[in-house]
Amino acid sequence: VGRVVAQVRAALPGADVCVIDDGSSDATGAAAAAAGAITLHHPYNLGIGTAVQTGFLYAYRRGYDVAIRLDADGQHPPDLLPALLRALDDNGADMIVGSRFLEDRGGYRGTLPRRIGIRVLAGVIGAITGQIVSDPTSGFYAANRRAIAFCAHAYPHDYPEPEARVWLHRAGLIVHETPVMMRERAGGVSSITTLRSIYYMLKVLLALALDALRPAPAYTPGATGHTGDGAEE
């Protein structure tokens, strides 16, 4: 995590870097703080969705105009952050999601079962939203003020990336994708095995079906626009 923080600060020298320490039992928080990151600590592990929403709450309460989310395991190249911000400016979207499947740029693409699951999820989310979705599980994205405000108040906890695409769409926010290259993780071990990938996909499909039947999220975010500074979470 310290190496990723340093790379983010090099890519976006003017940005604040915030790391969410989700109840870790190792030196994650200390390493992040030592690298110069603002570090927010959960008292115990709350899961990825809650951790991401903590970052959005921090960005919302402090009035950031842009927030970028990327993982701390080295999969998301920090040198692509300026391109992600440019895509957010150029596309008129509330959120820009980095997709490893929109174009063939090489890099890490996951195992075959995961790629099949991603393709199925992309088709289902595309049918619900009426949009072309290529990488529904990507956690590499940039959000403007409207998206920050929405995600700070309403963000899925169990299957955050796929469900968030549906929630944002139903709330009237615009989400586009931009091609990126991702890398093999540089640290840590994924908790999603081949069998868990199948189990995960089935549960996400059920969650998406329930999302489509529920009323759209009621929270209406405020005005959009940003000055060009980024906040990473």
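The crossing of α3 and α6 is left-handed, a term for a near helix turned anticlockwise from the far one by less than a right angle. This is a predicted model, in which local features need pLDDT of at least 70 and side-chain atom pairs count only at pLDDT 80 or more, while totals for chains, interfaces and linings use all residues. Residues are numbered from 1 along each chain as its sequence is written, and side-chain values use heavy atoms, without hydrogens and water.

**Helix packing**
- Axes are lines fitted to C-alpha atoms, for helices over the stretch in contact, with angles from 0 to 180 degrees between N-to-C directions.
- Residues Q53, F56, L57, A59 and Y60 of α3 meet I148, A149, C151, A152 and H153 of α6 (heavy atoms within 4.5 Å).
- Helices α5 and α7 (residues 160–170) have axes 10 Å apart at an angle of about 10 degrees, and are therefore roughly parallel.
- From α5, L121, I125, I128 and T129 meet P162, R165, V166 and H169 of α7.

**Salt bridge**
- R146 forms a salt bridge with D94, with closest N and O atoms 2.9 Å apart (Lys or Arg side-chain nitrogen within 4 Å of an Asp or Glu carboxyl oxygen).
- This pair links R146 in α6 to D94 in the loop between α4 (81–91) and β4 (95–99), 52 residues apart.
- Helices (H or I, at least four residues) and strands (E, at least two) are DSSP runs, numbered from the N terminus.

**Surface**
- L112 lies in α5 (residues 112–129).

Key
Parallel < 35°, antiparallel > 145°, perpendicular 65-115°, else oblique.
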